[in-house]
Amino acid sequence: MLSRSLASLALALCLGLPAAARTVTLDTAAGPAELTADPPRVAVMDIAALDTLDALGIDVAGVPEPHYLAYLDAAAGRATSIGTLFEPDFEALAILDPGLIVVGSRSSGQAAALARIAPTIDMTVTGQDMLAETRARLQAYGRLFGRETEAATLEAALDARIAAARAAVADKGNALILLTNGGKISAYGRDSRFGWLHTALGLPEAHPDLGAATHGEAISFEFVAETDPDWILAIDRGAAIGASGEAAAATLDNPLVRGTEAAQAGQIVYLDSGPLYIAGGGVQSMMHTLDEIVAAFSADRP
């Protein structure tokens, strides 16, 4: 016997009526949201979301500019500009008439205003458990767009890279994560936005008492020398956003840093900052960083 939904579908087909749209309930940063599946003309105000949607093969209709990342140029080139990461272009969005708007992180504060144009979901990846959140967002987009198979394939690839990175860093010593911004430096611990490099990989912290501040803890070069990490993972904010100014390598080229075990052993790793800083929580971004970690920790040292 046909279920009620199948019977309704059969009746709609017989009468030439459109079938009821499929709905899905997704977990978002603001709680559960019920949405129409496979929405048309998706506008994306978050680069991590754009990263994962692109990995799933989903074309988006609107993106912010600049988007900063060359590997997303093709996706952005097929879309309309809808403002910046912080300031939506409401007129452009109204003309686009999207079926769904996705915000996150830098654009999350605009969710209420954007909801007057179209259904809006906040898919911020907070970084409190970056790996779990990245998986959850990937699975959610898979359900929303009927790409569950593709999402499962990407998740398996992510898990394989996590395993490879865990093996690469095992018994290789501790690490200190540093963000450079011109001539200034900040340190990030296990509970920060970059802390998944410690927690997901089992990579010990060189300084276990760092706080969970979103923008890290401002530190001195004396702090780096006193901490004396085995490894330094360096992230160049200026390079990530295309700003001019002193590069990370120049910032860290001083006697205090040169005296650390990390520098003496050739174990300062300059990570590709754009994916990590701009698209943190995107599945492509995370896999790219994991590949860098594997390469760095597996390389022969001078």
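Guide: First, a definition: helices (H or I, at least four residues) and strands (E, at least two) are DSSP runs, numbered from the N terminus.

Visitor: How many helices and strands are there in the protein chain?

Guide: The protein chain has 15 helices and 12 strands. This is a predicted model, where local features need pLDDT of at least 70 and side-chain atom pairs count only at pLDDT 80 or more, while totals for chains, interfaces and linings use all residues. Residues are numbered from 1 along each chain as its sequence is written, and side-chain values use heavy atoms, with hydrogens and water left out.

Visitor: What box do the C-alpha atoms fill?

Guide: Roughly 80 × 45 × 30 Å, taken along the principal axes.

Visitor: And how many of the residues are buried?

Guide: Of the 302 residues in the protein chain, 49% are buried. Buried means under 20% relative accessible area, exposed means over 50%, and partly exposed is in between (1.4 Å probe, protein chains only).

Visitor: What about contacts between residues at least 6 apart in sequence?

Guide: Of those, 62% join residues at least 24 apart. Contact means heavy atoms within 4.5 Å.

Visitor: Let's pick one residue. Where is Ile-101?

Guide: Ile-101 sits in strand β6, residues 100-103.

Visitor: Buried or exposed, that Ile-101?

Guide: Ile-101 is buried, because its relative accessible area is 0%.

Visitor: Which residues is Ile-101 in contact with?

Guide: Leave aside neighbours within four places in sequence. Then the contacts of Ile-101 include Ala-43, Met-45, Leu-93 and Ile-121. Take Ile-121: it is 20 residues from Ile-101 in sequence, and the two C-alpha atoms are 6.5 Å apart in space.

Visitor: Now Thr-180. Where does that lie?

Guide: In strand β8, residues 175-181. Thr-180 counts as buried because its relative accessibility is 0%. Not counting residues up to four places away in sequence, Thr-180 touches several residues, among them Ile-185, Ile-235, Ala-248 and Leu-252.

Visitor: New topic: charges. How many positive and negative ones are there?

Guide: There are 19 positive and 37 negative charges, and their mean positions are 5 Å apart. Lys and Arg count as positive, Asp and Glu as negative; His and the chain ends are not counted. The place of a charge is taken as NZ of Lys, CZ of Arg, CG of Asp or CD of Glu.

Visitor: How many salt bridges does the count come to?

Guide: It comes to 6 salt bridges. Each is a side-chain nitrogen of Lys or Arg within 4 Å of a carboxyl oxygen of Asp or Glu.

Visitor: What does the side chain of Asp-97 meet?

Guide: Asp-97 meets Arg-41 in a salt bridge, 3.7 Å from N to O. The pair links distant parts of the chain, 56 residues apart: Asp-97 is in the loop between α4 (90-96) and β6, and Arg-41 is in the loop between β2 (31-36) and β3 (42-44). Asp-97 is partly exposed, at 43% relative accessible area. Arg-41 counts as partly exposed at 40%.

Visitor: And which residue does Asp-59 pair with?

Guide: Arg-78, in a salt bridge of 3.0 Å, N to O. Asp-59 lies in the loop between α2 (47-55) and β4 (62-63), and Arg-78 in the loop between α3 (73-77) and β5 (80-81), so the pair ties together parts 19 residues apart in sequence. Both Asp-59 and Arg-78 are exposed.

Visitor: Which residues are linked in a network of salt bridges?

Guide: Arg-135, Glu-155 and Asp-159.

Visitor: Last topic: rings. How many aromatic pairs are there?

Guide: A search of the whole structure finds 2. One of them is Trp-231 with Phe-297: the ring centres are 3.7 Å apart and the planes are at 20°, so the pair is stacked. Rings of Phe, Tyr and Trp (its six-membered ring) pair if their centres lie within 6.5 Å; planes under 30 degrees apart count as stacked, over 60 as edge-to-face and the rest as tilted.

Visitor: Where do Trp-231 and Phe-297 lie?

Guide: Trp-231 is in strand β11 (residues 231-236) and Phe-297 in helix α15 (residues 283-298), so the pair ties together parts 66 residues apart in sequence. Trp-231 and Phe-297 are both buried.
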